[in-house]
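This report describes a protein model with a ligand. The sequence and the coordinates come first, and the text follows.

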Amino acid sequence: MYAIHFPGAIQLEVKRPLKFLILLNPHSGKGHAHALFKGNVQRMLQDAGIQHTLIITERQNHARELVREADLSKWDALVIMSGDGLLFEVVNGLMEREDWEEAIQTPLGVLPGGSGNALAASIHHFSGLQAVSSEELLISCGFILCKGLVSQLDLTSVCLASSQRLFSFLSLAWGFVSDVDIESEKYRHVGAARFTVGTLVRLASLRVYRGKLAYLPTENPMSQPSLVDSTATFRQRLPQSNSDSCCPSNGLLGHTLQNSSNSNNTPKSKQSNPSPLSVFGPTDFLLNPLNQPVPGHWTVVQDEDFVLVVAMYQSHLAEDMLAAPASRLDDGIIHLIYVKAGISRRSLLHLFLAMEKGGHLNTNCPHVVYVKVKALRLEPYSPKGIITVDGELVDYGPVQAQIHGSLARLIAW
Ligand SMILES: Nc1ncnc2c1ncn2[C@@H]1O[C@H](COP(=O)(O)OP(=O)(O)OP(=O)(O)O)[C@@H](O)[C@H]1O
């Protein structure tokens, strides 16, 4: 079905027409996704010999349910036109299938229709083109989609105290970044500028977030799969038990997705809302159960007062936020960036301004730490707060994550 095109990328078979299933969230961004699709992309797909079936999503979790049940053999790719939230549903829907190993290899495609569009911006960035936004980004991603070059994509397994396990393609955030992401929902009518507005509002009421952060650096020999059992997979139907609220370290423990109750006062519109299901996926061989200490060879950060913690596995946090310039789609690395308390408002603003071009990591700001890791654990002490995974609100509390290199595939380049 696939033919090698050039190193690092695989082209979908030259056979055309290709068949794409396109899932479009009509409410994403400013609510114009359907018109944007018809005006900019439809014709491009026709000209490229790509047949598509367009499904307009009707509700939260619609896409997730569809891909969980779909006959994937009918499609050469699953494409979303929305923000990152819809892709998050698709990825997790695929990982909830018994045939997850094969299902998650279905090439995914992204057309930006939201206000953040971080993965779309990352794909555009990786293609080496100059930064663009809005409709120009859509046209660029449409063109990339039509070329049909498939790349490997890392996914990160994220485990919550509620025993939920989620698969993330973009980011895990706590503190300033996740607060801005969720609190700026109310400014979504201004599009991508909502993050700028949200950043300024949050800067005015800058907070310190208390917690414990630990990680496994990439250079640690114990990060290498050859030293641990990386081959075991995680297939059995799991019991509805909360007794081991952790991720499996040996392939035997399970995670049951549970309906999450949002115990804090944060907005619910972006709450990730998984259905109670058996969970499949690769074993998190680097993680200890959440109710046990992290492995002894992990680094435990001495500071416990933070302004933000963000773990990235793509380059962009939003269209104009090049947060992890060194990140690549399939580098097998979590780019962990944290800002320690004590930073002035002025320096933080300077950091965010520099982030537009990715210069924030070169400012020599003593409060900023950047480290490449394979796994991490975050235990917030503050009783209330916001944690996001791929920009979606998840249960607040202890969380840990491990990257799984090249687990999925993405149309990019
Ligand atoms: N028809 C629909 N009605 C309501 N919610 C929907 C519908 N279709 C999808 N959703 C949900 O909307 C949520 C937000 O979608 P998504 O993140 O893709 O767009 P967005 O919020 O506009 O993007 P961004 O985060 O970049 O602003 C997702 O969790 C998705 O489940």
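## Report on the model

Ser 163 is buried, because 24 other C-beta atoms lie within 10 Å; with C-beta atoms placed from the backbone, a residue is buried at 20 or more such atoms, exposed at 12 or fewer, and partly exposed in between. This is a predicted model, in which local features need pLDDT of at least 70, side-chain atom pairs count only at pLDDT 80 or more, and totals for chains, interfaces and linings use all residues. Numbering starts from 1 along each chain as its sequence is written.

Ser 163 sits in the loop between strand S7 (149–160) and strand S8 (165–168). Strands (E, at least two residues) and helices (H or I, at least four) are DSSP runs numbered from the N terminus. Most residues other than glycine have a negative phi.

| Residue | Phi | Burial |
| Ser 163 | near 80° | buried, 24 other C-beta atoms within 10 Å |

Ser 134 belongs to helix H6. The axes of helix H1 (residues 33–47) and helix H6 (residues 134–147) come within 10 Å and cross at roughly 25°, which means that H1 is roughly parallel to H6. Axes are lines fitted to C-alpha atoms, for helices over the stretch in contact, and angles run from 0 to 180 degrees between N-to-C directions; under 35 degrees counts as roughly parallel, over 145 as roughly antiparallel, 65 to 115 as roughly perpendicular and the rest as oblique. H1 contributes Leu 36, Asn 40, Val 41, Met 44 and Leu 45 to the contact, and the H6 residues include Leu 138, Ile 139 and Phe 143. Contact requires C-beta atoms, placed from the backbone, within 7 Å.

Arg 188 lies in the loop between helix H7 (176–183) and helix H8 (194–204). Arg 188 counts as buried because it has 20 C-beta neighbours inside 10 Å. Beyond its neighbours within four places in sequence, Arg 188 is in contact with Ser 115 and Arg 194. The C-alpha atoms of Arg 188 and Ser 163 are separated by 31 Å, at 25 residues apart along the chain.

Around the ligand there are 23 residues, of which Ser 82, Gly 83, Gly 85, Gly 114 and Gly 116 come nearest; a residue is near a molecule if its C-beta atom, placed from the backbone, lies within 6 Å of it. Helix H3 (residues 84–95) gives the most to this shell, with four residues.

Conventions:
Contact = placed C-beta atoms within 7 Å.
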